[in-house]
Amino acid sequence: MIVKRLYDEQLAQASYLIGCGRTGHAVVIDPNRDIEQYLRMAASEGVAITHVTETHIHADFVSGSRELAARTGASLLLSGEGGPDWQYAFAREAGAVIVHDGDVIKVGNVRLDVVHTPGHTPEHIAFVVTDTAAATEPIAMVTGDFVFVGDVGRPDLLERAAKVQGTMEGSARALFQSLRRFKAHPDYLQIWPGHGAGSACGKGLSAVPQSTVGYERRFNWAFAIDDEDEFVRQVLAGQPEPPAYFAQMKRINRDGPRVLNGFARPQWIPDGRFAEFLQRGALIIDTRCAADFAAGHVPGTLNIPLDRSFTTWAGWLIPFDDDFYLIVDGAGELAPRQVDQAARELAMIGLDHFAGYFGSSAITAWVAGGVALETVPQVEPGLLARQLEGGAVTVIDVRGHAEWEAGHLPGGQNIPLGYLVSRLEDLPRDRPLVVQCQGGARSAIAASLLQAHGVQNVANLTGGYQGWVAAGLPVATATQELPPT
């Protein structure tokens, strides 16, 4: 049996190619939109992709199952569990085979037993893998978003992301029952999960790529709780805010992702046309690092640095149905690497309206026209403490609510970054605003967002909450004020 784990760092997402070396057949489980990587892997292993499947209707990336099956001629297998509201709308059109709990998928000498594991989503399935050429018992379960290393799939996304009201508690109880059935598997059974650390599909995922049932039974918090009501309370507590694009992903993956046939590089736009796009109100995303943006940027542009968090904040802050443009570091047409990286990452979450890009040289050309750049002032913790004591500023904490509850600046107002645009009217305008997060990255984006929406007198706290604590300044929790550290 051939097993290859393909891991996307930006999405913290794992796909699996599992093949039979004797027959040359292979299945891909949970492919993302970058289907070329699976074709390359299959070719390098000398197998043909004959089956493509997935564990559930994903919320955090656009699925590549439909496109990969179409490209290879493979059989597309999709869950038929979850009731009428959670069926794949494109299944018949795509010629998919619908599978249910107890079904068996044979890929050469590899056997996949389908197990319905509701909780994270109603239609979620997992696959118990047996190498029948070498063993009569299974080696692993591909668990998708059901069981992770150190955590379990969050059951609140239908309600909090897809806006299906009243589903959180029922999903949590379904997850509890799925875990009870899961515990019956032998300790040696390996767990091959769909995500690792950094994914928003759970709240405490480990970076360890795989585990076993026995290890998780001993050290995964969810397996230590035998009371269903207590499990429901704990699994719903402290979940991070789901990115806004999760609702879009659910819709796209349910209705049928558009076939891309590769990630196309958008057009380079010459520096001389930069002013034209600004004047017509185009959405322009400056992907330079936060420090460069703070030192000088074009008013009205939004800063989302092209780093490991780019996908997350692009999904939160860029509209899905409107054209947008990027500024990339470099001299325009000489910056293809950054552009190709951005195009891939945007397409992975369905942001397909990337219409063109400028080099950062366009900013220089724009300044040469006699127009001044805007800056983001930086405030040190000690100065901010004195300003707060005198009531001279308002602090906006753009971290998640669970982070804020664990500790925050006294008197700060918590508005997570992803919700900032929708709550602009809640911001006080009678004094300057200082935005802060944990270390300064999210608040840098927040400052650019506020400036782009016309909010003046915005500054960023250097070092964020970590810098504040390191300076020995007082902090508060959700329930009490604490003395200086």
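What covers the buried residues of H7? In this predicted model, in which local features need pLDDT of at least 70, side-chain atom pairs count only at pLDDT 80 or more, and totals for chains, interfaces and linings use all residues, the cover of the buried residues of H7 includes helix H3 (157-160) and H10. Residues are numbered from 1 along each chain as its sequence is written, and side-chain values use heavy atoms, with hydrogens and water left out.

The buried residues of H7 are Tyr245, Phe246, Met249, Lys250, Ile252 and Asn253, where buried means under 20% relative accessible area, exposed over 50%, and partly exposed in between, for a 1.4 Å probe and protein chains only. Helices (H or I, at least four residues) and strands (E, at least two) are DSSP runs, numbered from the N terminus. H7 is followed by Gly256, which has a positive phi near 120 degrees.

Helix H10 (residues 310-317) also meets helix H11 (residues 336-348), and their axes come within 10 Å and cross at roughly 60 degrees. Such axes are lines fitted to C-alpha atoms, for helices over the stretch in contact, with angles that run from 0 to 180 degrees between N-to-C directions. H10 and H11 are therefore oblique to each other, since angles under 35 degrees count as roughly parallel, over 145 as roughly antiparallel, 65 to 115 as roughly perpendicular and the rest as oblique. The contact (heavy atoms within 4.5 Å) is made by Phe310, Thr311 and Ala314 of H10 and by Ala342, Glu345 and Leu346 of H11.

The structure holds 14 aromatic pairs, a pair being rings of Phe, Tyr and Trp (its six-membered ring) whose centres lie within 6.5 Å, with planes under 30 degrees apart counted as stacked, over 60 as edge-to-face and the rest as tilted. In one of these pairs, the ring centres of Phe182 and Phe223 are 5.8 Å apart and their planes stand at 50 degrees, so the pair is tilted. Because Phe182 lies in helix H4 (residues 168-182) and Phe223 in the loop between helix H5 (213-219) and helix H6 (228-236), the pair ties together parts that are 41 residues apart in sequence. Phe182 counts as buried at 2% relative accessibility, and Phe223 is buried with a relative accessible area of 6%. For Phe324 and Phe354, the ring centres are 5.8 Å apart and the planes are at 10 degrees, so this pair is stacked. It links distant parts of the chain, with Phe324 in strand E16 (residues 324-328) and Phe354 in strand E17 (residues 354-359), 30 residues apart, and both Phe324 and Phe354 are buried. One aromatic cluster is formed by Phe274, Phe277, Tyr325 and Phe358.

Most residues other than glycine have a negative phi. Asp30, although it is not a glycine, has a positive phi of about 60 degrees; Asp30 is placed in the loop between strand E3 (25-29) and helix H1 (36-45), and it counts as buried at 3% relative accessibility. Asn261 also has a positive phi, near 60 degrees, and lies in the loop between helix H7 (245-255) and strand E13 (267-268), but Asn261 counts as exposed at 58% relative accessibility.

Gly24 is found in the loop between strand E2 (13-20) and E3, and at 15% relative accessibility Gly24 counts as buried. Residues up to four places away in sequence not being counted, Gly24 touches Gly46, Val47 and Ala48.
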